[in-house]
Amino acid sequence: MASSPFFTNPFGTSVSFTSADTTVAKVISTFGGLGGRLFSLSFVNTSGVAQTMQIYRRVSGTSFLIGEVPVAIGAGVSGAAPAEYVAPAFIPALSNMPALLDGIPFAPADGVWASAKTTIAAGAVHASLVAGNG
């Protein structure tokens with residue numbers, strides 16, 4: 001029987017970054033033994049100042065910086081849109097392929113990590129991810 005084109009385990013996760021995290025990268029999500037696809041990675045800023053979040057792909061214990069996303073003051077708060085990393089502005093290849101529909105592929109056990117580029121003085125930046133395994 002052919003494998004299913006659908007993901008067997010769609011999921012979402014969220015992680016908060018505060019002053020206690022300094023600029024150390026934190027795991028947002030890892031992909032299981034079948035790998036998976038990243039559909040959305042958005043950020044909400046309640047810190048009171050603009051922040052820049054760095055996004056990493058973690059492979060076999062090594063983090064590779066794949067981009068940065070500016071997160072405006074109040075992004076995702078009081079009706080404002082959150083800052084979305086999975087967008088052509090930050091990943092230009094998305095303009096030329098249906099990756100937003102198909103997701104960005106990740107190999108088995110790879111992970112999505114992020115960190116604040118500078119220490120967050122007060123409040124937090126919250127990251128939310130939507131992905132699928134399988």
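Two strands are taken to pair if DSSP finds at least two bridges between them. Helices (H or I, at least four residues) and strands (E, at least two) are DSSP runs, numbered from the N terminus. The structure is a predicted model, in which local features need pLDDT of at least 70 and side-chain atom pairs count only at pLDDT 80 or more, whereas totals for chains, interfaces and linings use all residues. Residues are numbered from 1 along each chain as its sequence is written, and side-chain values use heavy atoms, with hydrogens and water left out.

An open sheet of four strands is present, with the order β2-β8-β4-β5 and antiparallel pairing. Because β2 and β5 (62-71) each have a single partner strand, they stand at the edges, and one side of each is left without a neighbour in the sheet. Neighbouring strands of this sheet are turned by 25° against each other on average, direction ignored; the axes are lines fitted to C-alpha atoms, for helices over the stretch in contact, and angles run from 0 to 180 degrees between N-to-C directions. The antiparallel pairing of β4 (residues 51-59) with β5 extends over nine bridges. Thr52 has Pro70 of β5 as its bridge partner.

Contacts of Phe43 (heavy atoms within 4.5 Å), leaving aside neighbours within four places in sequence, include Met53, Ile55, Val69, Val71, Tyr85 and Ala127.

A search of the whole structure finds two aromatic pairs. Rings of Phe, Tyr and Trp (its six-membered ring) pair if their centres lie within 6.5 Å; planes under 30 degrees apart count as stacked, over 60 as edge-to-face and the rest as tilted. The rings of Phe31 and Phe106 have centres 4.8 Å apart and planes at 20°, and the pair is therefore stacked. Because Phe31 lies in the loop between β2 (26-30) and β3 (36-45) and Phe106 in strand β7 (residues 104-106), the pair ties together parts that are 75 residues apart in sequence. Both Phe31 and Phe106 are buried (buried means under 20% relative accessible area, exposed over 50%, partly exposed in between, with a 1.4 Å probe and protein chains only). Tyr85 and Phe90 form a stacked pair, at 6.1 Å centre to centre and 25° between the planes. Tyr85 is buried, with a relative accessible area of 3%, whereas Phe90 is partly exposed at 28%.

Charged side chains also meet aromatic rings. A charge sits over a ring if NZ of Lys or CZ of Arg is within 6 Å of the ring centre and within 35 degrees of the ring normal. The charged end of Lys26 sits over the ring of Phe17, 5.2 Å from its centre, and that of Arg58 over the ring of Trp113, 4.4 Å from its centre.

Arg58 is also one of the residues touched by Asp110, together with Thr30, Phe31, Arg57 and Val59, not counting residues up to four places away in sequence. Asp110 lies in the loop between β7 and β8 (111-116) and is buried, with a relative accessible area of 6%. Pro88, in the loop between β6 (83-84) and α1 (99-102), is partly exposed at 37% relative accessibility.
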